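Welcome! Let's take a friendly walk through a protein model, one piece at a time. Please keep the sequence and the 3D view at hand.

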Amino acid sequence: MNKYQQILLFILLFVAVISCNDKNNNYSDKDKQITEMFDQVSATDSDSVKKQLLESVYQKINDYPYKDSIPRYYLMLTEAYYNSSNYQGALKIGKQSVELNKEIKDTVNVAQSLYTIGNTYYFGLADTDSAYIFYTQAEKLFQESHQYRSLGKTKLYKAYVLYYLKEYQLCETEAFRALGLLQGRDATDIYNCHNLIAAALDGQGLHVEAIKYYELALRQLLSFNKEDSNDIDVNYYKSTCYNNLGNVYLNMEDYEKAEEFYLNALKLTSKESNPSLYAKLLNSLAYARFKSGNEKDLPKMFYEALTIRDSLGISYGIVATKKYLGEYYAAKKDTAKAVEYLREAYTKAENIRGYYDVVNTLKLLGEIDKPKSATYYKRLNVVNDSLQKVEQANKDKFARIEYETERLEDEKEALVKRNGFIIGVSAMVLLFIGAVFIIYYLNSRNKKLVMEQEQQKANEEIYQLMFEQQTKIDKARTEEKSRIAMELHDGILNNIYAVRLNLEFINRNTDEESVAQRKEYIKQLQTVESEIRGVSHDLSRNAVFFEKSFKDVIESLVLTQKNEFNTIFDVDIDVNINWENLPNIQKVNVYRVIQEGLQNINKYSVAKNAIVEIKKGYNAIELTITDDGIGYDPDKVKGGIGLRNLRKRTSVLNGKLDIISAPGKGAKIHIVFPN
């Protein structure tokens with residue numbers, strides 16, 4: 001590599017590195033922009049600004065160049081919509097997040113998306129049925145992916161749904177499962193588990209057990225102080241727990257103890273910081289005092305709680321306060337006011353489908369409004385029947401949801417097994433095909449090796465034939481040399497020597513007789529000259545003879561045949577055949593076919609004449625071996641070794657063999673093979 005090429009290579013590498021860095025920096029910048037926009041959503045208090053920012057984030061995510069990151073951002077956007085109380089947006093983006101994360105097989109993010117959708121339905125839209133379905137789907141995926149904290153939180157919120165529907169036993173069971181998964185993890189989650197278990201026990205009338213778990217929840221709050229966590233409003237959790245304990249003692253009719261806990265809770269809660277909880281505590285404290293006979297600040301406290309709840313639009317709270325006011329005025333013998341508040345409570349409860357409050361208000365109205373008690377009790381029976389059906393339907397519904405989820409899991413497992421079977425069968429088929437291919441390849445290679453071996457053998461046979469022919473030629477050459485040497489020595493040289501001696505003697509005389517003798521000796525020299533020409537001619541003829549080809553080998557093979565029938569053999573080979581272009585393996589098989597045919601003639605034919613003809617046709621060579629012998633029936637000698645050999649060699653030549661013969665009509669072997 002010269003200096004110029006080295007410089008060019010360095011520049012290309014530098015540009016590639018810069019391009020990669022630019023690409024990575026581009027992705028990093030876009031990540032930073034999206035993260036900053038999420039932070040802005042969290043920081044702003046304006047709903048309209050949040051909505052605009054979330055729409056901008058949505059557009060930015062869809063324009064993100066690295067597609068594998070988009071599903072993750074969709075999950076983050078779902079949570080941002082939920083935290084911004086934009087519940088419809090959370091549902092829309094959440095369902096897209098589920099599908100996108102399914103495509104990339106991110107089970108954890110699919111589960112987290114389902115969990116956030118469940119929260120949206122439960123906390124945002126109060127749709128407990130849909131919430132329970134999505135929580136159940138998320139639960140299975142968290143279980144599969146071993147996300148035990150998320151699994152615990154999902155079970156906890158399922159328990160909240162069950163508590164809301166007053167399925168207290170199911171709630172208790174699910175909350176205990178959540179507690180087992182969350183032990184040793186987040187203190188808030190453990191507090192919520194204890195608090196919910198206590199509430200479920202209280203709902204079942206197990207008040208002592210409920211108090212035990214509320215105390216465990218309060219003890220858990222002590223760990224909040226030890227951790228000095230700024231993100232947790234300890235006073236809120238503590239006042240809530242005090243309120244719940246007050247409710248337990250209220251149900252146990254220990255009104256003084258209940259009042260004590262409500263007062264402790266109010267010390268930790270202000271109307272300004274948490275008006276909803278303040279109104280609830282005030283209402284409960286007023287009712288505990290009423291039940292205990294303590295008239296302090298009554299009914300003023302009820303009215304204050306009602307005013308706050310009415311201003312906040314807390315429907316369930318309004319129903320509870322008016323129901324308490326109805327009881328209060330009934331105790332004061334003010335039936336008109338009691339009925340007025342109870343009817344308002346009943347109407348409100350029906351509007352919000354608070355059927356348990358409907359039942360309680362109807363009972364009170366039946367007891368207080370005597371003239372219409374029959375109507376109230378009749379309505380109460382209808383509502384009770386409906387409630388029983390609703391409760392049974394809820395139980396059936398949750399059992400069905402669990403069953404459907406389990407069935408889907410079973411179907412998924414069955415599908416996995418079936419896919420595994422299909423993959424296994426496919427692998428076996430591929431292995432089989434591979435084995436067949438390997439066997440075919442090995443057989444092809446083996447055939448090639450056999451052909452190469454046959455070609456080598458043919459080359460060796462041709463060499464052997466040529467060697468045998470050369471041996472014959474060398475022998476003939478040696479014999480011819482010996483004959484010529486003998487003729488030269490015994491004939492020509494002796495004659496020349498005798499003539500030379502006689503001429504020397506005669507040349508001394510000049511008489512007529514001597515002249516006549518010299519003429520005679522000159523004639524003898526002429527005779528010697530003729531003999532020399534004859535020897536020279538023989539030498540020329542033998543020189544041609546010594547330059548033998550494959551055609552000469554065939555001719556020699558045919559013409560040198562002898563048998564006891566004194567058959568006359570002849571051969572006719574087309575001079576247009578280029579034997580040099582014919583592969584050695586074909587030459588060997590042509591030679592062996594002729595040899596086999598001649599051998600059959602010598603053994604069985606009793607022929608007077610036999611001829612071998614080799615003619616060149618169109619892209620083919622025709623070989624014919626004919627005799628005028630006794631002939632034979634080809635059908636009767638099909639299994640003969642000689643005929644089998646002829647068929648095999650014809651097959652190697654890729655030729656066609658025809659045998660024409662009949663008893664008394666001679667025989668003809670005709671073979672055509674491509675050239």
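## Helix α5

Let's begin with helix α5, which covers residues 107–124 and has 18 residues. From its first C-alpha to its last it reaches 25 Å, close to the 26 Å expected at 1.5 Å a residue. (The expected span of a helix is 1.5 Å times one less than its number of residues; helices, H or I of at least four residues, and strands, E of at least two, are DSSP runs numbered from the N terminus.) This is a predicted model, in which local features need pLDDT of at least 70 and side-chain atom pairs count only at pLDDT 80 or more, while totals for chains, interfaces and linings use all residues. Residues are numbered from 1 along each chain as its sequence is written, and side-chain values use heavy atoms, with hydrogens and water left out.

Why is α5 described as largely enclosed by the rest of the structure? It is because 14 of its 18 residues are buried. (Buried means under 20% relative accessible area, exposed over 50%, and partly exposed in between, with a 1.4 Å probe and protein chains only.) After α5 comes Ala-126, with a positive phi near 55 degrees.

## Helix α6

Helix α6 takes up residues 128–144, 17 residues in total. Its first and last C-alpha atoms are 24 Å apart, close to the expected 24 Å. Of its 17 residues, 12 are buried, so α6 is also largely enclosed by the rest of the structure.

Which residues of α6 are buried? Among them are Tyr-132, Phe-134, Tyr-135 and Phe-142, and the list also includes Glu-139 and Lys-140. Just after α6, look for His-146, whose phi is positive at about 60 degrees.

Asp-189 sits in helix α9, residues 187–203. With 3% relative accessibility, Asp-189 counts as buried. Setting aside neighbours within four places in sequence, Asp-189 is in contact with Arg-149, Lys-153, Leu-156 and Leu-182 (contact means heavy atoms within 4.5 Å). Ala-178 is 11 residues away from Asp-189 along the chain, and their C-alpha atoms are separated by 8.9 Å.

Now find Gln-561 in the loop between α20 (550–559) and β1 (568–573). Is Gln-561 buried or exposed? Gln-561 has a relative accessible area of 17%, so it is buried. Its side chain reaches the backbone oxygen of Leu-557 at 2.7 Å. Apart from neighbours within four places in sequence, Gln-561 is in contact with Phe-569, Leu-598 and Asn-602.

## A region from the record

In an unreviewed entry, UniProt lists residues 421–442 as "transmembrane region"; such annotations may be inferred rather than shown by experiment. In the model, this stretch is 100% helix and 0% strand, and its end C-alpha atoms are 31 Å apart.

## Cysteines

A disulfide is a covalent bond between the sulfur atoms of two cysteines. How many disulfides does the structure hold? The count is 0, where a disulfide is a pair of cysteine sulfur atoms within 2.5 Å. Cys-171 counts as buried at 0% relative accessibility, and Cys-241 is buried at 0% too.

## The whole chain

Finally, step back to the whole protein chain, which has 22 helices and 5 strands. Buried residues make up 40% of its 675 residues. Among contacts with a separation of 6 or more, 59% are between residues 24 or more positions apart. The chain exposes about 39,400 Å², with carbon and sulfur atoms supplying 53% of it (areas come from the Shrake-Rupley method with a 1.4 Å probe; for residues, only the protein chains shown count as cover).

Methods:
A polar contact is a pair of N or O atoms within 3.5 Å; within protein, one must be able to donate a hydrogen and the other to accept it, and residues adjacent in sequence count only if both atoms are side-chain atoms.
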